[in-house]
Amino acid sequence: MDHVTKEPTTVCHVLAVPFPSRGHINPMMNLCKSLLSKNMDILVTFVVSEEWFGFIGSEPKPDNIRFGTIPNDFTSELDRSGNYSPDFFEEVLRKMEAPVEQLIDRLEPPVTTIVYDAYLTFAVRVGNRRKIPLASFWTMPALVYSVFHHFDLLVQNRHFPINLLEQGEDRVDCIPGISSIRKVDLPTCLYGKGLDVLHRGLEAVSGVAKVQYLLLVSVYELESQIIEALKERISTPVYHIGPPIPYFKLEDNSAVNPSDKSYFQWLDSQPESSVLYVSQGSLHSATSAQLDEIAAGLRISGVRYFWVARKETPRFEDECGEKGLIVPWCDQLRVLCHPSIGGFWSHCGWNSTSEAIFAGVPMLTFPIYWDQTPNSKQIVEDWKIGWRVKNKSEAHSLVPREEIAGIIRRFMNLDSEEGKEMRKRAKKLSQVCRQAVQKGGSSDTDLQAFVNDIAQCHK
Ligand SMILES: O=c1ccn([C@@H]2O[C@H](COP(=O)(O)OP(=O)(O)O[C@H]3O[C@H](CO)[C@@H](O)[C@H](O)[C@H]3O)[C@@H](O)[C@H]2O)c(=O)[nH]1
């Protein structure tokens, strides 16, 4: 079923191909909306499975963004347990190429640019075969791109392979633009079970040599040295266009979904900066035993909290105590920007990290997988807008409830000197981020340049 019905006057027709997962679909959709904010003549066909169309098909979007659906041939979103599980990853790579290619054949007007999630490397083959220009869309920080790009340096300097138990605290200093980083903070696909998908990360980055544009969803000022180092080493033009978040929707308060009103009322009744927002993104989760400790730690901390527990909600909501509210899902960016929110316990997905920075909210970091460990490192060590819940490098150790309660109390103490400094820095970075998307800001300028380039190349 294609939802492309009439042929508008177009300058260019972008095929957007996100990885079928919330943390990738959201930033791709935000990118498409941003493209249209620069040039309303662009037509976008946004590729999703029939299942994902059911999830997001009715969400508000400009008319020039239409959905192109492909069959539900892979594991249902509702049955998945981890978005980079090797099996799902392989399934997606195996099963998406043919239907995407068939879709391209059917679309009118013809596709003039493919913006694909960098991990969907089949898109490079498809675009190159058909001579359609390609933009690789990198949904993680520039740091992670750079680690993959410089993987050979890790090998040459004997930093790989990594024995985490013995070397987790050792530091790597050899990657251009990346400040000293502990091995345990490198992307988790560089050690242990993560190694099963390492080759997919390396392929994603090496594929960029065969495409016309690389889109990084970073804010230049946050990762400037890494981005500069990459630009020196990559011949493909690089555009930094972050943050990958729907900041534009904040202007419209009437856009609050009626079903979200009750928790916003609860937030309205809490004192300023008093609530800890807790979320682990859209897919991953701490272990069940760790969740029990987190739930108990939140309760005994005495701190107000708002927890998105997804499908674990029924398990915890009855015993959350009078200071807590647990919901299965929320309008996250709007929640983070609510004045009552004073901190974010985060798994450090890049979208969540970017939203917290935009909102000026400091983070308690609890990374689980892939880029989340380096994201935590940047939050804590480079930007100094957060603390680690786990300081030790034992990736799988359980953090007990008393320890969790203690760190939450200290973190949410608005009077502590270290907390005040951290909050000041978070507010400052929020301004940097907001300026980047203002007219003439670093992201705004690069986004405009990308739009001009794809429109130009089509003429
Ligand atoms: O109640 C909620 C919770 C989350 N979100 C949204 O869901 C997305 C979550 O994205 P992210 O924070 O990046 O987490 P994941 O869903 O885990 O994202 C995957 O994809 C990201 C981008 O590649 C990676 O950085 C992560 O590590 C990876 O797990 C964001 O847009 C949030 O705004 C909501 O809207 N409501």
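**Sheets, rings and cysteines**

Tutor: Seven strands make up an open sheet with parallel pairing, in the order S3-S2-S1-S4-S5-S8-S9. At its edges are S3 and strand S9 (238-240), each pairing on one side only. This is a predicted model, in which local features need pLDDT of at least 70 and side-chain atom pairs count only at pLDDT 80 or more, while totals for chains, interfaces and linings use all residues. Residues are numbered from 1 along each chain as its sequence is written, and side-chain values use heavy atoms, with hydrogens and water left out.

Student: What makes S1 and S4 a pair of strands?
Tutor: Strands are DSSP runs of E with at least two residues, and helices are runs of H or I with at least four, numbered from the N terminus. Two strands pair if DSSP finds at least two bridges between them. Strand S1 (residues 13-17) and S4 are joined by four bridges and run parallel, so they pair by that definition. Within this pairing, Ala 16 stands opposite Val 115 in S4.

Student: Which strand does S4 join through four other bridges?
Tutor: S4 is joined to S5, again in parallel, by four bridges, with Asp 117 opposite Phe 137 in S5. S5 in turn pairs with strand S8 (residues 213-216) in the parallel sense over four bridges, and there Ala 135 stands opposite Tyr 213 in S8.

Student: Why is strand S4 called largely enclosed?
Tutor: Buried means under 20% relative accessible area, exposed means over 50%, and partly exposed is in between (1.4 Å probe, protein chains only). Five of the five residues of strand S4 (residues 113-117) are buried, so the rest of the structure largely encloses it. Thr 113, Val 115 and Asp 117 point one way, Ile 114 and Tyr 116 the other way, and all are buried.

Student: There is another sheet; what is its strand order?
Tutor: The order is S12-S11-S10-S13-S14-S15, an open sheet of six strands with parallel pairing. Its edge strands are strand S12 (324-327) and strand S15 (386-388). Strand S14 (residues 363-365) and S15 run parallel and are joined by three bridges, with Met 363 opposite Gly 386 in S15.

Student: How do you know that Asn 375 is buried?
Tutor: Asn 375 has 0% relative accessibility, so it counts as buried. This residue lies in helix H15. Leaving aside neighbours within four places in sequence, Asn 375 is in contact (heavy atoms within 4.5 Å) with Pro 141, Cys 348, Gly 349, Trp 350 and Thr 353.

Student: On to the rings. How many aromatic pairs does a search of the whole structure find?
Tutor: The search finds 29 aromatic pairs. Phe 74 and Phe 88 form one of them, edge-to-face, with 6.3 Å centre to centre and 90 degrees between the planes.

Student: Why is a pair like that called edge-to-face?
Tutor: Rings of Phe, Tyr and Trp (its six-membered ring) pair if their centres lie within 6.5 Å; planes under 30 degrees apart count as stacked, over 60 as edge-to-face and the rest as tilted. With centres 6.3 Å apart and planes at 90 degrees, Phe 74 and Phe 88 meet both conditions. Phe 74 lies in the loop between strand S3 (65-70) and helix H3 (86-106) and Phe 88 in helix H3, so the pair ties together parts 14 residues apart in sequence. Both Phe 74 and Phe 88 are buried.

Student: What makes Trp 138 and Phe 148 edge-to-face?
Tutor: Their ring centres are 6.2 Å apart and their planes are at 85 degrees, so this pair is edge-to-face. Trp 138 is in strand S5 (residues 134-138) and Phe 148 in helix H5 (residues 142-149), 10 residues apart. Trp 138 and Phe 148 are buried. One aromatic cluster includes Phe 74, Phe 88, Trp 138 and Phe 148.

Student: How do you know that Arg 434 lies over the face of Phe 358?
Tutor: A charge sits over a ring if NZ of Lys or CZ of Arg is within 6 Å of the ring centre and within 35 degrees of the ring normal. Arg 434 is at 4.2 Å from the ring centre of Phe 358. The charged end of Arg 423 likewise sits over the ring of Phe 411, 5.7 Å from its centre.
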